[in-house]
Amino acid sequence: MDYSNIFRLVNLAVGGLMILGGIGQFFPIGFQSVILGCYVIIFGAATLLLEFQIPPAVSRWAPFLFSFIGRGIFYIFVGSILLHKPAIWIVAGSIIGIVGVGYVVLEYIPQIEPPQNMRDAGGEWGAEQI
């Protein structure tokens with residue numbers, strides 16, 4: 001069974017939550033919150049971009065995004081950044097983190113293949129080499 005569309009929708013939702021969470025990081029305005037907000041917005045935009053186009057630099061410098069476990073740990077990391085604000089951002093961070101845990105679990109279920117846009121790492125990281 002092909003789960004590509006489901007993975008695409010989940011990744012788009014997570015990217016959107018990252019951008020919204022990044023915007024929420026700006027308030028109250030402070031140096032640290034602005035820096036964290038910018039990083040989370042950039043991570044969300046990159047997640048959205050990977051669903052439509054894969055820049056060659058990403059497969060070279062961030063090949064962990066092309067495996068379930070790599071993307072899962074990335075989502076857990078970004079979700080944990082959002083866990084210290086008002087309840088709405090705690091919910092958003094929790095959703096992102098839970099999706100990350102789900103991706104880590106999917107790495108160990110051989111019946112579920114990653115979608116095509118998560119297999120374009122060029123055989124570098126996460127790919128078996130003989």
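Modeller: Gladly, with the reminder that this is a predicted model.

Biologist: How are H1 and H4 oriented to each other, roughly parallel or roughly antiparallel?

Modeller: Helix H1 covers residues 4–25 and helix H4 residues 68–81, and their axes lie 10 Å apart at an angle of about 25°. Angles under 35 degrees count as roughly parallel. The two helices, H1 and H4, are therefore roughly parallel.

Biologist: Which classes of residue make up the contact of H1 with H4?

Modeller: From H1 the contact draws on Phe7, Asn11, Val14, Met18 and Gln25, while H4 supplies Phe68, Arg71, Phe74, Tyr75, Val78 and Ile81. Sorted by class, the residues of this contact of H1 with H4 are eight nonpolar, two polar and one charged.

Biologist: And how do H4 and H5 run, roughly parallel or roughly antiparallel?

Modeller: The axes of H4 and helix H5, which spans residues 87–106, come within 7 Å and cross at roughly 160°. Angles over 145 degrees count as roughly antiparallel. H4 and H5 are therefore roughly antiparallel.

Biologist: Which residue has its backbone oxygen 3.0 Å from a polar atom of the serine 33 side chain?

Modeller: A polar atom of the side chain of serine 33 lies 3.0 Å from a backbone oxygen. That oxygen belongs to glycine 30.

Technical notes:
Residues numbered from 1 in each chain as written. Predicted model: local features only at pLDDT ≥ 70, side-chain atom pairs only at ≥ 80, totals over all residues. Heavy atoms only, no water. Polar contact = N/O pair within 3.5 Å; in protein donor to acceptor, adjacent residues only side chain to side chain. Axes fitted to C-alpha atoms, helices over the stretch in contact; angles between N-to-C directions. Helix = DSSP H or I, 4+ residues; strand = E, 2+ residues; numbered from the N terminus. Parallel < 35°, antiparallel > 145°, perpendicular 65-115°, else oblique. Contact = heavy atoms within 4.5 Å. Nonpolar A, V, L, I, M, F, W, Y, C, P; charged D, E, K, R; others polar.
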